[in-house]
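User: I have a structure open and would like to learn how to read it. Can you take me through some features one by one?

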Amino acid sequence: MKHLLKNARELKGIKTNELARITAIDPALISKFESGQRIPTENQIKVLASLLEINLNELLVAWYKQKLLHTIDFNTQSIQAIIELLQEKGVKLNQEESKENQISEILSEIEILKNKLSNL
């Protein structure tokens with residue numbers, strides 16, 4: 001997340017102080033967001049995504065990952081709790097199906113490449 005924010009700001013050519021003025025977010029906070037020392041609020045993320053033209057979904061996923069890393073001690077029990085919670089919410093976590101899909105996609109790509117090579 002920190003890299004998304006900093007890179008987008010720099011690509012826009014906006015200084016930290018200017019971004020702070022436009023967004024009404026303290027410049028020290030923006031620096032801490034970009035260094036990973038602080039996590040913005042969801043509202044701040046939405047404002048920054050809009051202003052810096054960052055894909056909101058991508059930034060929110062990065063934001064949630066950051067929040068989880070700061071909140072949860074990832075050990076066997078916490079991971080099991082997360083898996084059980086996702087299953088209770090109806091999220092399918094079939095890793096075998098995912099592997100099968102990946103293999104199928106790779107085989108399809110190989111077939112496409114074979115066809116391209118045979119046409120050369």
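User: Let's start at the surface. Which residues form a nonpolar patch there?

Analyst: First, a caution: this is a predicted model. The patch consists of Leu68, Leu69, Phe74 and Ile79. Together they have about 380 Å² of accessible area.

User: Now the inside. Which residues of helix H3 are buried?

Analyst: The cut-off for buried is under 20% relative accessible area. In H3, residues 27–35, the buried ones are Leu29, Ile30, Phe33 and Glu34. Look down the axis of H3: these buried residues fall within an arc of 135 degrees, so they line one face of the helix.

User: What do the buried residues of H3 pack against?

Analyst: Three helices: H1 (2–12), H2 (16–23) and H4 (42–52).

User: Glu34 is on that list of buried residues. What is its relative accessible area, and which residues is it in contact with?

Analyst: Its relative accessible area is 12%, so Glu34 is buried. Set aside neighbours within four places in sequence. Glu34 is then in contact with Lys2, Leu5, Lys6 and Arg9.

User: Which residues other than glycine have a positive phi?

Analyst: Look at Ala24 and Glu53. Ala24 is not a glycine, yet its phi is positive, about 60 degrees. Glu53 also has a positive phi, near 55 degrees.

User: Where are these two found?

Analyst: Both are in loops. Ala24 is in the loop between H2 and H3. Glu53 is in the loop between H4 and H5.

User: Are Ala24 and Glu53 buried or exposed?

Analyst: Use the cut-off again: exposed is over 50% relative accessible area. Ala24 has 72%, so it is exposed. Glu53 has 64%, so it counts as exposed too.

Methods
Residues are numbered from 1 along each chain as its sequence is written. This is a predicted model: local features need pLDDT of at least 70, side-chain atom pairs count only at pLDDT 80 or more; totals for chains, interfaces and linings use all residues. Side-chain values use heavy atoms; hydrogens and water are left out. Patches are made of residues with over 30% relative accessible area and no salt bridge: like charges are joined within 9 Å, nonpolar side chains (Val, Leu, Ile, Met, Phe, Trp, Tyr) within 5 Å. Accessible areas come from the Shrake-Rupley method with a 1.4 Å probe; for residues, only the protein chains shown count as cover. A salt bridge is a side-chain nitrogen of Lys or Arg within 4 Å of a carboxyl oxygen of Asp or Glu. Buried means under 20% relative accessible area, exposed over 50%, partly exposed in between (1.4 Å probe, protein chains only). Helices (H or I, at least four residues) and strands (E, at least two) are DSSP runs, numbered from the N terminus. The arc is that of the directions from the helix axis to the C-beta atoms. Contact means heavy atoms within 4.5 Å.
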